[in-house]
Every structure is written in structure tokens, then in C-alpha cells.
Amino acid sequence: MHSLKSYRISFALISLALCFAWLLNISSGSVQIPFDALLSVLLGSTAEIDSWNYIIWNYRIPKAFTAVLVGGGLSISGLLMQTLFRNPLAGPFVLGISSGASLGAALILMGATLIAGVSSFTFINDISMAVAASLGSFLVLMVVMLVANRVKDTMALLIIGLMFGSITAALVSVLAYFSSAEDLQRYIFWSFGSVGNLSGQQVMLLSGVVLLGLLLSVLSIKKLNAFLLGENYAQSLGVSLKKSRLIIIIATGILAGGITAFAGPIAFIGLAVPHLTRQIFDTMEHRVLIPAVFLYGSILMLLCDTIAQLPNSANVLPINAITSLVGAPVVIWLLVRKRKMLF
Amino acid sequence: MSELKKHSITVKNLIVGYKNKTVADNINFAIEPGQLCGIVGVNGIGKSTLLRTLGKLQPKLSGEIAIEGKALELNSSFELAKILSFVLTEQPASKNLTVQELIALGRQPYTNWIGTLTKEDKQQVEESLSSFLLKDLRNNKCHELSDGQLQRVLIARAMAQDTPLILLDEPTTHLDLYHKVQILKLLQQLAHAKKKTILFTTHEIDLAIQLCDKILILDGRANPIGTPKELIEQNYFDQLFPSEMVQFDAKTGSFKVNK
């Protein structure tokens with residue numbers, strides 16, 4: 001065991017990397033803004049072109065901030081799930097938690113048409129989306145938890161996650177059949193995933209959700225470490241299984257559900273980041289992992305979003321395409337060295 | 001009360017099992033601090049069920065269990081963590097922990113909300129490392145260890161938990177003779193030097209006879225307990241297995257196959 005102090009340099013380095021990724025993210029976009037102009041705007045002066053000020057303060061900075069929250073929060077939820085399910089392949093997307101959130105969101109975005117026969121647009125607000133998506137992810141988490149207690153097999157759990165994905169897809173296609181073209185389009189755009197286009201109020205709400213999830217995670221650090229030994233050992237160390245499990249599940253649900261409501265179902269970040277982090281911080285100690293995973297998740301999300309911007313072009317790729325390209329190989333790599341299946 | 005205090009663990013008329021199924025009944029014994037006690041019996045007789053019940057990992061069906069004079073069920077799981085520790089047959093969920101990290105987890109009942117190790121905690125971890133000959137392996141990951149080494153780590157973790165009572169479920173399975181003896185001798189040292197009460201289930205009856213202070217034989221009837229010598233003199237080991245297959249030799253304290 002290294003003392004916590006020995007990680008100081010690593011933490012300093014990734015904090016620096018985060019600043020760099022953040023600047024890179026802010027400096028790229030469809031409108032080209034020279035780097036020195038960008039810096040001077042960030043430092044408080046006004047740029048010569050008025051629209052630059054507006055773009056930086058009202059679009060790019062909130063977007064970068066959202067990327068930090070989304071990447072960090074999803075990665076923490078992945079870490080919690082991997083420890084709770086004792087499963088290296090657990091993550092919000094793979095276990096179907098994001099699907100649950102999607103179903104909640106689809107019901108809000110398209111379901112109202114079904115029920116009321118009018119475009120649901122008037123019924124939508126941010127809070128109802130967040131609540132519906134969180135409830136959806138809780139529901140799936142509870143079912144996965146029940147199944148995980150019965151089936152000890154790692155692969156079975158993943159297949160169950162896939163099935164939830166299929167069930168969601170089926171229900172969504174039923175909803176889509178009956179919903180209006182605009183509603184359907186809004187759902188499709190949402191499902192691509194995006195960290196942009198959030199209003200100031202939405203960013204505030206998202207920050208609150210992520211902070212709450214993080215707070216619960218930090219309070220669970222000692223219990224998470226005990227869970228590394230297995231549930232019987234954790235119990236013999238004085239951990240109340242039911243209570244700790246519930247708190248961890250609530251934290252996961254809030255993080256995965258809340259984030260999915262605002263940013264759409266973002267693939268693989270939650271699964272991949274804890275593993276990438278363990279490659280560099282070679283420890284299982286959650287006191288180190290929780291801050292490290294958050295920082296890594298933020299960095300990766302900022303980079304993915306920067307790539308999705310297609311620098312110097314007016315096109316924006318769906319962020320899910322980028323995160324999948326990064327994350328799916330990580331899953332394959334994990335399965336190939338399955339012999340160890342370490343987490 | 002004083003009579004109860006003298007015994008680390010006292011069990012009266014205990015019945016263990018599951019909701020609809022009694023696994024073992026009529027269990028009575030008392031063990032004093034500083035004693036190493038082996039629990040032997042044929043497969044399926046309820047050794048592990050008894051051990052899990054003693055550790056409150058599963059509820060008893062009826063009877064009394066008292067640890068240091070206090071009924072087991074009156075202890076919260078948090079209090080219990082300072083009274084008894086476990087070595088289970090299951091592997092640790094994450095084998096990516098280092099030896100030292102895993103042993104340090106044994107200090108959880110004593111650490112603060114986030115698990116900071118104090119000077120005393122670190123000292124306990126060091127002592128456990130050296131008692132179980134693990135100093136050179138401290139930074140190794142658990143998946144790099146042999147079965148015998150991993151078993152020593154798990155027992156060292158229980159020692160670091162610093163409880164008067166330690167329960168071990170088949171600590172010597174899958175080990176070769178040398179490592180079986182090594183584990184049992186280390187347990188014997190721990191019991192005698194630190195005045196710990198150690199109970200373990202085992203199939204190594206001949207080793208238990210040589211190393212244990214007491215043996216509890218689960219035979220499904222009287223479930224006798226005594227020193228190995230007493231039990232041999234009363235011919236209890238003869239009845240343990242069907243005699244047409246194996247026979248107990250009282251002179252050597254071991255079983256012989258009938259040819």
C-alpha cells in the first residue's frame with residue numbers, strides 16, 4: 001500500500017491535464033476564435049468581436065462545465081457499480097441502467113402524445129425529465145440487483161443488461177409509432193447524447209444532481225472498500241449490508257439517471273474510465289479512486305466532445321459515436337484478458 | 001457470571017440449519033480463551049452451518065450462544081466486528097488488492113468514517129504481516145499469491161481485526177501437507193501467544209489431534225467435545241466413519257484404510 005501522499009504528483013498531473021483538456025474544449029467549435037482572444041476573454045476583458053464574448057460565456061463554458069459533470073459523474077457511477085456487483089464489466093450503459101433512464105425519458109418526451117393526444121411539448125420540463133430518467137434507472141438497478149443476488153455469473157448479468165436494452169428499444173418503438181414527428185425527432189436527438197445546448201438553469205440543476213451523487217459516494221468510501229472483500233466479509237467487519245447497498249444504489253441511480261436525463265444515454269464512459277484509471281493509479285482504495293475516476297472521466301468527456309465538434313467545421317458528430325469508439329475497445333480488451341477478470 | 005466470563009464462547013442446546021431444515025442439533029460446548037479448537041465431522045453434518053451461525057452470518061434455530069458472557073444476538077453487527085472475525089472459504093471479491101491493503105481492511109471496525117489508519121492500526125497491520133510471514137509479500141497483489149500464501153493473508157486479516165474470537169471455515173483445504181501444518185501451527189501460536197479463542201472446521205483429523213487443544217466432533221448424536229486424548233480414550237473417533245472402510249488407530253492417532 002502506498003500512502004495517500006504518494007499519489008500527490010499523479011493528482012497534480014491529472015489536474016493539469018484537466019485544465020488543458022478544458023481549454024482545448026473551449027477553444028474549439030464551429031466559430032474559430034484565436035487562442036489569445038479566448039484567453040483574454042477568460043481573464044475578464046472583452047474581445048473585439050462581440051459575438052465571441054457571447055459564444056464563450058454562454059455556450060462554450062457551460063458546455064465544458066457540463067462535460068466535466070457528465071464525464072465525472074458517469075464514471076463514478078460505473079465505479080460504484082463495479083464494486084457493488086463485484087463485476088469488472090458493470091457500468092450504467094452495459095447493465096441497462098441508461099436504458100431504464102431512456103425509457104423514462106421516452107415516456108416523458110413521447111408518451112404524453114399517446115395519453116393526451118397532443119404534442120407533449122407543453123408538459124416537458126427539466127425536472128420531470130430528471131425525475132423520470134432517475135426513476136427509470138432505479139427500476140432497472142433494483143431488478144439487476146435482485147438478479148445479481150441469484151445469479152453469480154458475470155456474463156449472465158451482462159446479458160440481462162442487453163435484454164433491458166432490447167426491452168427499452170421495443171417500448172420506445174411502440175411509443176414512436178404513435179407519437180408525432182416532432183416528438184420523435186426530439187427523442188432521437190436526445191438519444192444521440194450531447195453536452196451542449198443546456199440552459200444555465202439546467203446546468204445548475206445538473207450540478208446539484210451530480211453533487212448529491214458525489215456526496216453519497218464519498219460517504220460510502222469505507223463501505224465500498226469493505227465490499228472489495230465480498231459481502232460476508234464486509235458484514236463481519238460491521239458493515240450493515242442493506243443500508244450500505246441502498247445508499248450506493250441511490251447514489252448510482254441519481255448519477256446515472258440524472259445525467260442521462262440532461263445529456264442523453266452516453267455509452268461506455270462509466271464502464272471504461274474506472275479501468276483506465278486503475279491502469280495509472282494502481283490501487284483499489286476508493287479514497288484514491290473516487291477523486292481520480294472523477295478527474296479522468298471529466299478529461300475523457302472533454303476530449304470526446306472536442307473531437308465531436310470536428311474542429312474547424314460547422315458539423316457536430318453525435319457524442320455517443322465518439323465515446324463508443326473509445327469505450328468499446330476497452331470492453332473487448334477486458335474480455336480478452338478475461339483470465340484475470342480483475343477489478 | 002464469573003463462570004461464564006471464564007469461557008470465551010458458550011453454546012447450549014443449539015440447533016442450527018435453515019428455515020425448514022435442521023442441519024445439526026444438540027450442540028453443547030464451552031471454550032476457554034487461548035484455546036485452539038477444531039470442529040470435525042463427515043461432509044454435510046453441519047460444520048460450516050455451525051460456524052456461520054456462531055458468527056451470526058445466519059440465524060440460529062434455537063438454543064443459546066454466549067460470547068464472553070453476552071448473548072450473541074444482543075450484539076449489533078458493529079459491536080460484533082470487534083468481538084469475532086472470520087476466515088471464510090470464499091475468495092475475496094477483488095484479488096487486485098495488495099496483501100497489505102487487504103490486511104489493513106481488518107482494521108475497519110476501529111477506523112474513522114473514511115477509514116484512516118492511525119499509528120496503532122498500522123502497528124497491528126505490521127504485527128499481522130510478520131506473524132504470518134508476509135513481510136516480503138506486502139506489496140504483491142492477491143492474484144499473484146499461491147493458495148497457501150492467500151490463506152495466510154486472510155488469516156492475518158482476521159488477526160489484524162484483533163478480536164478475542166476467530167472463526168475459520170476449512171482453512172487448510174486445497175493446501176499440501178507442508179502448508180496445512182504451517183497454517184495450523186501459526187493458528188496454534190496465535191491462540192496461545194495472544195490468548196485468542198480460535199475455532200476452525202477441518203477434515204484433517206490426524207493433524208487436529210496433534211495440534212488442537214480441544215476437538216468438537218459433530219457426529220449427529222452426542223456431538224462430544226474434549227481434548228484429543230480424552231476423545232481417543234473414549235473411542236469417539238472410531239465411530240466417525242463407517243468402520244468397513246477406515247479404522248482409527250488409537251496408538252498413532254490416525255486413520256488406516258482397511259485392505
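Gln82(A) sits in helix 3 (residues 50–84) of chain A; helices here are DSSP runs of H or I with at least four residues, strands are E runs of at least two, and both are numbered from the N terminus. This is a predicted model, where local features need pLDDT of at least 70, side-chain atom pairs count only at pLDDT 80 or more, and totals for chains, interfaces and linings use all residues. Residues are numbered from 1 along each chain as its sequence is written, and side-chain values use heavy atoms, with hydrogens and water left out.

Back to Gln82(A): this residue is buried, at a relative accessible area of 0% (buried is under 20%, with a 1.4 Å probe and protein chains only). Its side chain gets to the backbone oxygen of Ala90(A) at 3.0 Å.

Now for the interface. Chain B puts in 40 residues and chain A 27 residues, with contact meaning heavy atoms within 4.5 Å. Together the chains bury about 2800 Å², 58% of it on carbon and sulfur atoms; that is accessible area (1.4 Å probe) lost on being put together, summed over both.

The rule turns up one salt bridge across the interface of chain B and chain A, namely Asp282(A) with Lys141(B), whose closest N and O atoms are 3.0 Å apart. The cut-off is a Lys or Arg side-chain nitrogen within 4 Å of an Asp or Glu carboxyl oxygen.

On chain B, these elements each supply at least two residues of the side touching chain A:

| Element of chain B | Residues |
|---|---|
| Helix 3 | 77–80 |
| Strand 6 | 84–87 |
| Helix 4 | 99–104 |
| Helix 6 | 147–160 |

Helix 4 of chain B gives the largest share, four residues.

Methods: Chains lettered and ligands numbered in written order. Buried area = accessible area lost by both parts, 1.4 Å probe. Buried < 20%, exposed > 50% of the residue type's maximum accessible area, 1.4 Å probe, protein only. Polar contact = N/O pair within 3.5 Å; in protein donor to acceptor, adjacent residues only side chain to side chain.
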